[in-house]
Amino acid sequence: MAKITVIGSLIMDNVATMERYPEAGESIMGTSINYYPGGKGANQCVAIARLGGDCEMIGMVGNDENGKIFKNLLKEENIKSDNVFVCDKPTGIAQIQINNEGQNRICFIPSSNFEFSFNHIDLIDKIIKETSLVVLQLELRLEIVEEIIKRAHKYGVKILLNPAPAMNIDKEVLKYVDYITPNEFELSSLTNLPVETEPQIIKASQKLLSYGCKNVIATLGSKGAIIANNKITKLIPSYKVKAIDTVGAGDSFNGALAVSIIEGKELEEAVKFANAMGALTVQKSGAIPSLHTRKEVEDFLNGIIN
């Protein structure tokens, strides 16, 4: 049984680059279009595997060419994927715009991912029970994610939740989450608090702790991440790099965090490692193509590569 089980989305990314985003009603000329396997679930699972983590991917693809691409990718990455189910809906698609500053705007169509049902949870119940860490996002239906959290908690399994995209999660479910990793927008959405300054981010993080979450890791992009639990509240600065494409940066961070948790690292060290993975990710285009290996992250931390 894999130590880390990622249950989440598999989405084909259609990535268009442009100098700037178009205004409403405006057409502009782009510079390139590329197609990459992605989705938060797949991205995080591949990140874990490339960092040497023992992981399994669980999700849903369509009975189409994109579904086959995902099946082949997981096999190539040596990721256990017996429970990546197949349905008649098309594999999920994301439309991604990237401007000349490397920032992104994303619209995703879940399609096959929303076909993952309570029946599928029953099919993977034993896997949830026997794994060490369940990694979740919010690109499956919200009620499905909430049920998986409840089961993992019932079995005493640690839970890492990346609450993206932002949704109103039941507070009675949030109290079961061991590690939650919202960005600023998601943190504000979960707490109904402003997050424009560091003190405001800390206050919002503490509100999440009051819901019962054990550890809050608020990801702040180029500024780093603020960690908060009942022992520490601290900003862990990012590593300064030139961003080319920020797609997948949060997913690589979550993958690296999951590996560090399983390895028993203290939270501060775990987030430093995750920040390094994120810094490397934004220097390459595409989500999965930009995910680095354990050696590359360690070389970066040791100053061997930039």
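## Close-up views of a predicted model

**View 1. Helix α7 and its packing partners.** The buried residues of α7 pack against α6 (171-174), β10 (179-180), α8 (198-211) and β11 (215-219). Contact here means heavy atoms within 4.5 Å. Buried means under 20% relative accessible area, exposed means over 50%, and partly exposed lies in between (1.4 Å probe, protein chains only). Helices (H or I, at least four residues) and strands (E, at least two) are DSSP runs, numbered from the N terminus. Helix α7 spans residues 184-191, and its buried residues are E186, L187, L190 and T191. Seen down the axis of α7, these residues fall within an arc of 120 degrees, so they line one face of the helix. The arc is that of the directions from the helix axis to the C-beta atoms.

This is a predicted model, in which local features need pLDDT of at least 70 and side-chain atom pairs count only at pLDDT 80 or more, while totals for chains, interfaces and linings use all residues. Residues are numbered from 1 along each chain as its sequence is written, and side-chain values use heavy atoms, with hydrogens and water left out.

**View 2. The four-strand sheet.** Strands in the order β3-β2-β6-β7 form an open sheet with mixed pairing. Two strands pair if DSSP finds at least two bridges between them. The edges are β3 (32-38) and β7 (104-109). Each has a single partner strand, so one side of each is left without a neighbour in the sheet. On average, neighbouring strands of this sheet are turned by 20 degrees against each other, direction ignored. Strand β2 (residues 11-17) runs antiparallel to β3, and seven bridges join the two. Within this pair, D13 stands opposite Y36 in β3.

View 3. Strands β1 (residues 4-7) and β8 (residues 133-136) pair in the parallel sense over four bridges. I7 stands opposite L136 in β8. Axes are lines fitted to C-alpha atoms, for helices over the stretch in contact, and angles run from 0 to 180 degrees between N-to-C directions.

View 4. The largest nonpolar core has 46 residues. Such a core is a set of buried Ala, Val, Leu, Ile, Met, Phe, Trp, Tyr and Cys residues joined through side-chain atoms within 4.5 Å. The residues with the most contacts inside it are I4, L10, M57, I79, I217, L257 and V271. Helix α10 gives the largest share, nine residues. Apart from this core lies another, of 43 residues, among them I124, L136, V145 and I226. I79 is in contact with C45, V46, A49, C55, E56, M57 and L74, leaving aside its neighbours within four places in sequence.

**View 5. Salt bridges.** The whole structure holds 18 salt bridges. Each is a side-chain nitrogen of Lys or Arg within 4 Å of a carboxyl oxygen of Asp or Glu. K234 meets E268 in one of them (2.6 Å, N to O). K234 lies in strand β13 (residues 233-236) and E268 in helix α10 (residues 267-281), so the pair ties together parts that are 34 residues apart in sequence. K234 is partly exposed, at 34% relative accessible area. R294 and E298 meet in another (3.0 Å, N to O). They are four residues apart in helix α11 (residues 294-301), separated by about one helical turn. A network of salt bridges links D122, D125, E147 and R151.

View 6. Most residues other than glycine have a negative phi, and most peptide bonds are trans. The peptide bond from A164 to P165 is cis, with omega near -5 degrees. P165 is found in the loop between β9 (158-161) and α6. N78 has a positive phi, near 60 degrees. Its place is in the loop between α2 (65-76) and β5. N78 is exposed, at 69% relative accessibility. S111 also has a positive phi, near 45 degrees. S111 sits in the loop between β7 and α3 (118-123), and counts as buried at 19% relative accessibility.
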